[in-house]
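The structure comes below, followed by the points grouped by topic.

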Amino acid sequence: MNYKAIADKVLHMLQQADGNDPSRGHLTMNNWEWPTGVALYGIYKTYQQSGDKTILDYLTGWYNDMLSRQEKPHRNVNTVAPLLALTCLYDETKNPAYLPVIESWAQWVLEEMPRTEYNGMQHCTVWNKHYQQLWCDTLFMVCLFLAKAGVVLQKPEWIDEAEYQFLIHIRYLQDKVTGLFNHGWSFDRRHNYAGAKWARGNAWFTAAAIELKDITGRDNAAMRMIMAAWQDQVLALWKYQRVSGLFTTLIDVEETYTETSATAAIAYGVLKGVRMGLLTDEKYVEMGRLAASAVLGQIDETGAVQGVSGGTGMGYNLQHYKDIIVTPTAYGQGLTFLMITELMQGAVTLQEE
């Protein structure tokens, strides 16, 4: 199967969104926000795997344009997300214009970002500071950037902080009975809101934890604990995978709709775990294979990834998650890129091959 051709098709669709009005939901590349940040990282990983310089040119052009704009983005959890791919680009190109941007945002995360009890990263957004709230999303949007910047700029204390944030999120979000993750936790209200085992929230952890391990190469006590939590979660996800290979938008509620972006991110984490030798049981190979095949089947003739749930705030009841619209998004494209980069490496092959 020609995975590069599939990735090109998905990228072409996303590039058509470049000129879109930034108000057009989550399907645009014309803003500095989390859907764009997730897409940019998926695009960068595709370049890294394929070596296609036209992809690198696209990325450098995007960042050069954004950084030249007079209006600077509001600083919050979600707008940290584009810094991950920027840090990767700096590592690749050593463009001196990128360094002060990376350092400035890292210092904001470390010194000014609102915190919860026990110094957790409060999931502040442009609309709401979400007082005393921990969300799964923060791990992918902020902590991967902090870890990558710590590696590239030789700041081990930044990596330590990223690891600590994973640990505190595990402490308050992972369900001790099932191993799945709740979407959020409130220190103010002392509960997990609806107790929703939201698929994309779980997927943020599945993808981010293995990515943290790969970025840092660490095997210290903190990383061993993070990987233990990750393995517990992956086992739980294996139990809930649907026959189609997809996961439902509430992992443990079978009648909710199947959701592609979560499945793509879970497939990425599982396939990468198999390749890195962290998942050795054959059932995980089949899990990753089924999920990847299902996601590829959701890519339409235009390259749009279908079956993706829209942006999802914290829900106080399960109906909130059931009612989220389904529409193509930049992050749906980006998480599919990530999954395809693992298929390119060939550790797990699909049955059609």
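Rings of Phe, Tyr and Trp (its six-membered ring) pair if their centres lie within 6.5 Å; planes under 30 degrees apart count as stacked, over 60 as edge-to-face and the rest as tilted. On that basis Trp32, Trp62, Tyr63, Trp105 and Trp108 form one aromatic cluster. This is a predicted model, in which local features need pLDDT of at least 70 and side-chain atom pairs count only at pLDDT 80 or more, while totals for chains, interfaces and linings use all residues. Residues are numbered from 1 along each chain as its sequence is written, and side-chain values use heavy atoms, with hydrogens and water left out.

**Aromatic rings**
- The structure holds 17 aromatic pairs.
- Trp185 and Phe187 make an edge-to-face pair, because their ring centres are 6.0 Å apart and their planes stand at 85 degrees.
- Both Trp185 and Phe187 are buried (buried means under 20% relative accessible area, exposed over 50%, partly exposed in between, with a 1.4 Å probe and protein chains only).

**Charges over rings**
- A charge sits over a ring if NZ of Lys or CZ of Arg is within 6 Å of the ring centre and within 35 degrees of the ring normal.
- The charged end of Arg75 sits over the ring of Trp105, 4.5 Å from the ring centre.
- Arg171 lies over the face of Tyr172, 4.6 Å from the ring centre.

**Nonpolar core**
- A nonpolar core is a set of buried Ala, Val, Leu, Ile, Met, Phe, Trp, Tyr and Cys residues joined through side-chain atoms within 4.5 Å.
- The largest such core has 129 residues, of which Phe140 and Met339 touch the most other members.
- Helix H7 (residues 137–152) gives the most to this core, with eleven residues (helices are DSSP runs of H or I, at least four residues, and strands are runs of E, at least two, numbered from the N terminus).
- Leaving out residues up to four places away in sequence, Met339 touches Ala264, Ala267, Tyr268, Leu271, Ala292, Val295 and Leu296, where contact means heavy atoms within 4.5 Å.

**Cysteines**
- The count of disulfides (cysteine sulfur atoms within 2.5 Å) is zero.
- The sulfur of Cys136 has its closest cysteine sulfur in Cys143, 12 Å away, too far for a bond.
- Cys136 is buried at a relative accessible area of 0%, and Cys143 is buried at 0% as well.

**Helix H12**
- The buried residues of H12 include Tyr284, Met287, Arg289 and Val295.
- The buried residues of H12 pack against elements including helix H1 (3–15), helix H11 (260–275) and helix H14 (330–345).
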